[in-house]
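This briefing covers the fold, the charged pairs and the surface of one protein. The sequence and structure come first, and the notes follow by topic.

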Amino acid sequence: MLFRSSLVAQVFEGAGALTYSLGDLVERSGLDEGMVESVRREGMLRDPDEYGQRDYDANDLDALRALAELQRIGMPPEIVLELVRIQVAHIEAMQTEVVEVFAGRRGPALSDEEFAEFRRRIDAAAARMAPLVTRVVEYVHQRTTQRLALQAIERRVAESGDTPA
């Protein structure tokens with residue numbers, strides 16, 4: 001890694017001391033090698049050097065295990081991969097915009113002094129900031145999913161003429 005501020009260290013830090021090879025992930029995840037390769041091709045499971053690590057970690061294994069569990073509860077692999085495609089594309093776009101805010105190229109116009117103070121503060125609070133931002137993202141994701149699901153149910157009921165149970 002070219003530089004390490006506390007913010008950079010927090011963002012790129014892996015989950016725990018356990019590391020895994022790609023073969024380990026296949027063996028331990030519950031997914032077959034073809035599915036893991038498909039997930040890699042779709043850009044969800046990236047090579048660790050792309051995010052500043054040497055090896056895969058517990059986060060990678062946990063994500064693959066979640067995909068395996070989706071398949072075990074009845075989601076066809078083709079649907080799992082479509083969800084992966086959608087998530088990867090849109091999260092990448094969203095995070096690109098977020099990075100633009102932290103780089104000062106998007107968002108409110110701050111003076112050079114205000115932006116330097118903003119960067120100093122977030123760097124100093126990086127260990128606290130990353131989990132807080134994650135909580136906000138998870139909240140927005142959950143509530144958006146609930147709202148859209150309810151709208152879809154209401155639309156289906158209205159179209160069918162049925163009354164909800």
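## Salt bridges and surface in a helical model

A network of salt bridges links Glu42, Glu82 and Arg85. The model is predicted. A search of the whole structure gives 10 salt bridges, and the protein has 7 helices and 0 strands.

**Overall make-up**

- Along the sequence the pattern reads α-α-α-α-α-α-α.
- Of the 165 residues in the protein, 18% are buried.
- Among contacts between residues at least 6 apart in sequence, 59% join residues at least 24 apart.

**Salt bridges**

- Arg85 and Glu42 meet through their side chains in a salt bridge, at 3.1 Å from N to O. Arg85 belongs to helix α5 and Glu42 to the loop between α3 (33-41) and α4, so this pair ties together parts that are 43 residues apart in sequence.
- Both partners are partly exposed: Arg85 has a relative accessible area of 33%, and Glu42 has 24% relative accessibility.
- Arg46 pairs with Glu50 in a salt bridge whose closest N and O atoms are 3.1 Å apart. Arg46 is partly exposed at 31% relative accessibility, and Glu50 is partly exposed with a relative accessible area of 47%.
- Within helix α6 (residues 112-124), Arg121 and Glu117 are 4 residues apart, about one turn of the helix. Their side chains form a salt bridge at 2.6 Å, N to O.
- Arg121 counts as exposed at 54% relative accessibility, whereas Glu117 counts as partly exposed at 31%.

- Asp60 lies in helix α4 (residues 58-72). Asp60 is buried and has no salt bridge.
- A salt bridge requires the nitrogen and the carboxyl oxygen to be within 4 Å.
- The side chain of Asp60 does make a polar contact with the side chain of Tyr51, at 3.1 Å.
- Leaving out residues up to four places away in sequence, Asp60 touches Leu25, Leu45 and Tyr51.

**Nonpolar surface patch**

- Ile91, Met94, Val98, Val133 and Val137 make a nonpolar surface patch of about 360 Å².
- Helices α5 (77-102) and α7 (126-160) each supply at least two residues of the patch, and α5 gives the most, with 3 residues.
- Met94 is placed in helix α5 and is partly exposed, with a relative accessible area of 37%.

Key. Residues numbered from 1 in each chain as written. Predicted model: local features only at pLDDT ≥ 70, side-chain atom pairs only at ≥ 80, totals over all residues. Heavy atoms only, no water. Buried < 20%, exposed > 50% of the residue type's maximum accessible area, 1.4 Å probe, protein only. Lys, Arg positive; Asp, Glu negative; His and termini not counted. Polar contact = N/O pair within 3.5 Å; in protein donor to acceptor, adjacent residues only side chain to side chain. Contact = heavy atoms within 4.5 Å. Patch = residues over 30% accessible without salt bridge, like charges linked within 9 Å, V, L, I, M, F, W, Y side chains within 5 Å. Areas by Shrake-Rupley, 256 points an atom, 1.4 Å probe, with all protein chains shown as cover.
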